[in-house]
Amino acid sequence: MSEMVVVIHAGAGSLSDDLRAHEADVREALAAALGAAAAALEDGQDAVAAVRCAVIEMESFPLFNAGLGSALCADGSVEMSAALMRGSDRAAGAVAAVRHTRHPILAAQALLDAEQVLLIGEHADAYAAARGLEQWEPEMFITERQRRRLREHLALIEHGTVGAVCLDAAGALAAATSTGGLRGQPPGRVGDSPLIGAGTWADEHVAVSCTGQGEAFIRAGAARFLGALVEAGAAVDAAALVVLEEVRRCGGSGGLIAVDARGQVAMPFSSEAMPRGMWRAGEGAVVEVM
């Protein structure tokens, strides 16, 4: 039996006035996500179920940039992406630019055992709908807060891409990431979150979810790079710092969360803030913002 661990993040970015004003709400939402994942594990469910439960909670919180309250594209529309990966057999599912599926992470999970790994746009929504996943009109994901933030366009990095990694009692690892993208992005832009090996990775050694300037994480192959370092014998915290340096060399900043097969955790970030949290069996939950 392994010691169960869940780690989550809610996006790396600037320490904005908006984040300061809602810090208590953010902490409460992080705690709720950890609680949902912990309940799944304590009920005997696996790492995939735990990260799914955590991300569903965060997709439902309107101040996070995933699902409800996603960042808006330049034309005011919403396009969401998500990925989920199971470490034991490297099964992966991902969707990009979905506009109707209430919980993009469930669409990603629906692809986990399919032949395809990544579906995009209306075809991804149709795939999800055919499997009974709840569909919303695109306007239902949009909040007045995001309309205001698009009008103001105060920063290039949008807080709130969400992710979760887990080590379950059987020693299995899983990772999940969900995002509404970058505020003001051109429609059709896809960042690192749904790209296996860039923003999301899980194998038998480590599970990783990244957040930040997605193009730099893509060019760095960040999540898979961390996996390779850990597989080669590096400690997960040291490997995470090497990866963030590689992201910096590619012109970006951000953060990541990772847990290895021994239950060791890393949560580094090079941005001003990264709301995050961890739950470990027998120790309870801890959440941080800065």
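This report walks through the nonpolar cores, a helix pair and one serine of a predicted model.

## About the model

Residues are numbered from 1 along each chain as its sequence is written. In this predicted model, local features need pLDDT of at least 70 and side-chain atom pairs count only at pLDDT 80 or more, while totals for chains, interfaces and linings use all residues; side-chain values use heavy atoms, without hydrogens and water.

## Nonpolar cores

A nonpolar core here is a set of buried Ala, Val, Leu, Ile, Met, Phe, Trp, Tyr and Cys residues joined through side-chain atoms within 4.5 Å, where buried means under 20% relative accessible area (1.4 Å probe, protein chains only). The largest one has 55 residues, and Val6, Ile8, Leu30, Met58, Phe64 and Leu84 touch the most other members. Helix H2 (residues 23-42) gives the largest share of this core, eight residues; helices are DSSP runs of H or I, at least four residues, numbered from the N terminus.

Apart from this core lies another, of 36 residues, including Trp201 and Cys250.

## Two packed helices

Meet helix H8 (residues 222-231) and helix H9 (residues 236-249): their axes lie 9 Å apart, at an angle of about 145°. Axes are lines fitted to C-alpha atoms over the stretch in contact, with angles from 0 to 180 degrees between N-to-C directions.

## A buried serine

Why does Ser271 count as buried? Because its relative accessibility is 15%. Ser271 touches Ala12, Gly13 and Gly254, not counting residues up to four places away in sequence.

Terms used. Buried means under 20% relative accessible area, exposed over 50%, partly exposed in between (1.4 Å probe, protein chains only). Contact means heavy atoms within 4.5 Å.
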